[in-house]
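Dear colleague,

Please find below the structure that I am handing over to you.

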Amino acid sequence: MAARRLLWTPFLAVVFLAGLLSALPDRNVSPVAGAIFVHELKREHFQGAFPSIRKNYSEIPSDTPITFHAQLLGYPDLPRWLRYTQRGPYRPGYLYGSPTTKDVGRQLIEVTAYNRHTYETVRQRVIFTIVPSPDAQMPYQAEFFVKNRDVEEVLPADVQKQFQQALDIMLEQKDWSIINITSALDRGGRVPLPIEGRKEGVYIKVGSRRPFSDCLLETKSSDNQFRCSLDQQPVITCYDSFSPQFRVDWCNITLADLSSLGVTEEVPVWGDGVLEDGSEYNPPTDSPEKAFLADYLLTILLPLLVALLLCLLLAYIMYCRREGVHKRDLKTSDVQMVHHNTIHSNTEELRHMASSRDVPRPLSTLPMFNVRTGERISPLQGRQDSAHVPLILAQQ
């Protein structure tokens, strides 16, 4: 029996780990280069795959907290064009971004869902097949800053459709399309205070093959720029169809005209990254030799030369520009010199006489003495002894 239990233990461990590490079938998506792409991570889709919930499928709780983690397969982070956001464990997550022609190809994203109650995980691979855009590049691009929305509030398809319809009504043309959506936090913005109605803000970039309308060009006029410097909204002649669903900051609008630049991007040919049979890797050639004499002279000898010049200047000031004693005496009058020498010689003579005499110390230097009798009294003596002989005659 003990041997059978030992044999069953690894099998049960494998079954237990397989239950904790469930996996969903792969998902295929096809983003288009140069256009916004949004993939929603629905909580209900992952919630039913947790092992503890599958056992009681009829009683699936609706308030299970789930958080997601997405990464490029084999790497710790997402590609540069793809971003992830989730406001909380009770809300869905979003993978969104705008790939470029440099990102055309196949990318595997691994999404892991965590059950915050049971610590179970469910994984799913999302296969991104990025295809080039069938349309030509949109040379006229405008970016709007929406102040009353967060990024996850603009990512759903119906909200993007509302924004694009409002843009078409305002500009009276229907060839604008959303290119990219970026959170204000990714542009250096700050999290707002916990006040109701305060949002982080989101940037929405749109593009078109037709030139900008007069309505958009008015926002960049000198009068409107002056109003923006005074924290006032610019005046535009067209009807603002964004309000009140989208509060657009017309002082924070960016217009980019790429038609004059002649920007053309070639679609790269993607390979498998493996050398063909029989081929060899040719590393780049060695860089040419470079002479560093000029760099040495600039970094070492130039500071030493400056320090030497400063030392010579300081030595000239201290030694060559100093007035000596002989020169000072020549500028002094004879009367002042005789007076100074007399005082100096008399002082030296008095000091010599004071040091050589043998006389008692002056009474004024003693701690206490009697003025009338000259008797020396110790300061430690009591008051009774000093009361018979007053120190001052006026005190008799």
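Does Trp81 count as buried or exposed, and at what relative accessibility? Trp81 counts as buried because its relative accessibility is 7%, where buried means under 20% relative accessible area, exposed over 50% and partly exposed in between (1.4 Å probe, protein chains only).

Please note that this is a predicted model, in which local features need pLDDT of at least 70 and side-chain atom pairs count only at pLDDT 80 or more, while totals for chains, interfaces and linings use all residues. Residues are numbered from 1 along each chain as its sequence is written, and side-chain values use heavy atoms, without hydrogens and water.

Of the 396 residues in the protein, 30% are buried.

The aromatic rings deserve a section of their own. Rings of Phe, Tyr and Trp (its six-membered ring) pair if their centres lie within 6.5 Å; planes under 30 degrees apart count as stacked, over 60 as edge-to-face and the rest as tilted. By this rule there are twelve aromatic pairs. One of them joins Trp81 and Phe128, with centres 5.9 Å apart and planes at 75 degrees, so the pair is edge-to-face. The two residues are 47 residues apart in the chain. Phe128 also counts as buried, because its relative accessibility is 0%.

Phe163 and Phe246 form an edge-to-face pair too, because their ring centres are 5.3 Å apart and their planes at 90 degrees. These partners are 83 residues apart, and both are buried.

Yours sincerely

Technical notes: Helices (H or I, at least four residues) and strands (E, at least two) are DSSP runs, numbered from the N terminus.
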